[in-house]
Amino acid sequence: MPGGNLIDYEQITFCIMNWIKKVFKGCAHKSSEGHYHGHYAEDRQFYAPSGSGDAWREHENEEIDRAIALSLLEESQKGRRVKDDKSQLEDDEQLARAIQESLNFEPPPQYENVNTYQPMPVHFPTGYRICAGCNTEIGCGRFLNCLSAFWHPECFRCHACNLPISDYEFSMSGNYRFHKSCYKEQYHPKCDVCNHFISTNPAGLIEYRAHPFWMQKYCPSHEHDGTPRCCSCERMEPHDTGYVALNDGRKLCLECLDSAVMDTKQCQPLYLDIQEFYESLDMKVEQQVPLLLVERQALNDAREGEKNGHYHMPETRGLCLSEEQTVSTIRRRPRLGTGNRSMDMITEPYKLTRRCDVTAILILYGLPRLLTGSILAHEMMHAWMRLQGFRTLSQDVEEGICQVLAHMWLLTQFDSASDSNGAWTSSSSSSSRLKKGKRSQLERKLGEFFKHQIESDASPVYGDGFRAGHQAVYKYGLRNTLEHIRMTGRFPH
C-alpha cells in the first residue's frame with residue numbers, strides 16, 4: 001500500500017536521526033569522561049578512555065553502518081522512482097507515436113476548386129510542447145502530432161460542427177479542418193431537383209448540369225427522366241415542390257404563377273401599357289387590333305392557318321395574324337384545383353375579320369406579366385410595320401427589330417431603363433411614366449431572365465437578328481434605323 005510505504009519511510013528517517021544523535025551524544029559524553037585530573041605530563045591515564053570505551057566503539061560502528069545502509073536504501077528508492085517516471089513518459093511518447101503512425105490518411109475527392117489535405121505524421125523531438133489549439137502546454141499523456149504542430153486530442157476540432165476529429169481521415173479547405181462527412185455536406189454539390197449528392201462519373205469526377213442564368217444544379221439523368229421544366233423560367237421542378245399543371249400540358253412554377261396573365265380580360269391593361277409605350281416612341285398603332293389569350297393548341301392551329309411568317313421554335317408563344325380565321329380564346333381564367341391542376345377554364349370561339357393587314361395578335365396564356373408584355377411588344381412591332389407598309393423583309397431583319405422593341409419595353413419596367421433611353425428615343429420622360437412603381441425582387445429577377453433570353457438567343461434569326469438590330473439602334477437611333485430598313489430592307493452598318 002502507498003500509505004504504508006510512506007509511514008515506513010518516515011519511521012526509518014526518524015530512527016536514523018535518533019541513531020545519529022546518539023552517536024554524537026555518546027562522543028561528547030566520553031570526551032568529558034576522558035578529562036584528566038592531575039598533571040599533564042605525569043598522568044598518562046588522561047589519554048585513555050574510560051573503562052567502557054571498547055563496548056562503546058563497537059556499538060558506535062554498528063550504528064554508523066546501519067545509518068549508511070539506510071541512506072543507501074533511500075537513494076536507491078529515489079533513483080527507482082525517477083527511473084519509473086522517466087519510463088512512464090517514454091511509454092506515453094511511444095504510444096503517441098504509434099497512434100500517429102497508424103493514421104494512414106487518404107486524400108478526399110476534390111470538389112471544384114476547393115483544396116483538400118492529406119496530413120502526414122511528423123516526428124519531433126520530445127520536450128516542451130505547446131498545443132496549437134489552446135496555446136497551453138501539453139503535459140504527459142496522449143497528444144496529436146499533425147499539420148506540423150502538436151494538439152490536445154480535444155483541441156483538434158472540425159470547423160463546421162466544432163466537434164473533435166477522431167477519425168483516421170479528415171479534409172482541409174484552406175486552413176480549416178473538417179470531418180469528411182462535414183466537408184462533403186459543406187462543399188459537395190447537391191442536386192436542386194432530387195436533393196441528393198451529385199454522384200461522380202466513371203472517371204471519378206463530379207458531373208452535373210446547371211442552368212446558365214439561374215445556376216440551378218441538377219443530375220444529368222434528370223434531362224432524360226421526364227422531370228418537367230417551368231414553361232416560363234425554364235427551371236426544373238424540384239421533387240419536393242409541385243409545379244402547377246396547366247390545361248394544355250405545360251407546367252408553371254409557383255413564382256411565375258404569382259404574376260401570370262391567365263385570360264384575355266386580364267391582359268387588356270397590359271395591352272394598353274404596350275400601346276402607350278409605342279406612342280412614347282412616336283409609333284402609334286392607329287388601328288384597333290384585337291388581342292386574344294389562347295391555349296397552346298389554338299396558337300398552333302392559328303399558325304398553320306397563316307400563309308406567311310416565321311415562328312420561333314421549339315414553341316411559338318405569340319402571333320401577329322393577317323388572315324381571317326376563327327380562334328378559340330380564353331374568356332375566364334382557370335382556378336387551381338387539387339394536385340396543383342388548373343380547372344374550370346372557359347373558352348369561346350372568336351372569328352377574325354380582315355379590316356386591315358392585321359387581323360389579331362395572339363399570346364399564349366399562363367405566362368408572367370413581364371414575359372407576356374415582352375411577347376406582346378414583339379408582336380406589336382410586326383403589326384406596326386405591316387400597317388406602315390414596310391416591304392417584305394428578311395426574317396433576321398424583321399424578327400431582329402421586333403426583338404429590339406421587346407427588349408426596350410423590358411428596360412422601361414425597371415430603373416435601369418433611364419440609362420438607355422437616350423439611345424432608344426428622345427421621349428424618355430414618356431417612357432419613364434410607364435414604370436408602374438417598384439417591382440418585387442422576384443419579378444425583377446424574372447425580368448432580368450427574359451432580357452437574358454433575348455440577348456443570349458443563339459438562333460440565327462432571332463438571336464443574330466437582335467444583336468445586329470441592337471447595335472444599329474444604339475449607333476444611329478431607333479428612328480434612323482427604321483427609316484433605313486424601310487428604304488433598304490437591311491440594318492445600317
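A disulfide is a pair of cysteine sulfur atoms within 2.5 Å. This is a predicted model, in which local features need pLDDT of at least 70 and side-chain atom pairs count only at pLDDT 80 or more, while totals for chains, interfaces and linings use all residues. Residues are numbered from 1 along each chain as its sequence is written, and side-chain values use heavy atoms, with hydrogens and water left out.

Select C182 and C158 to begin. The C182 sulfur has its closest cysteine sulfur in C158, 3.8 Å away, which is too far for a bond; the structure holds zero disulfides. C182 is buried, at 17% relative accessible area (buried means under 20%, with a 1.4 Å probe and protein chains only).

Next, select C267, which is buried at 1%. Proceed to S280, in helix α5 (residues 264-280); helices are DSSP runs of H or I of at least four residues, and strands are E runs of at least two, numbered from the N terminus. S280 is buried at 6% relative accessibility, and its side chain reaches the backbone oxygen of F277 at 2.5 Å.

Now display the sheet. Three strands form an open, mixed sheet in the order β10-β16-β11, where strands pair if DSSP finds at least two bridges between them. Its edge strands, each pairing on one side only, are β10 (291-294) and β11 (318-321).

Select β11 with β16 (residues 360-364): the two pair in the antiparallel sense over four bridges. Within this region, L321 stands opposite A360 of β16.

Terms used. Buried means under 20% relative accessible area, exposed over 50%, partly exposed in between (1.4 Å probe, protein chains only). A polar contact is a pair of N or O atoms within 3.5 Å; within protein, one must be able to donate a hydrogen and the other to accept it, and residues adjacent in sequence count only if both atoms are side-chain atoms.
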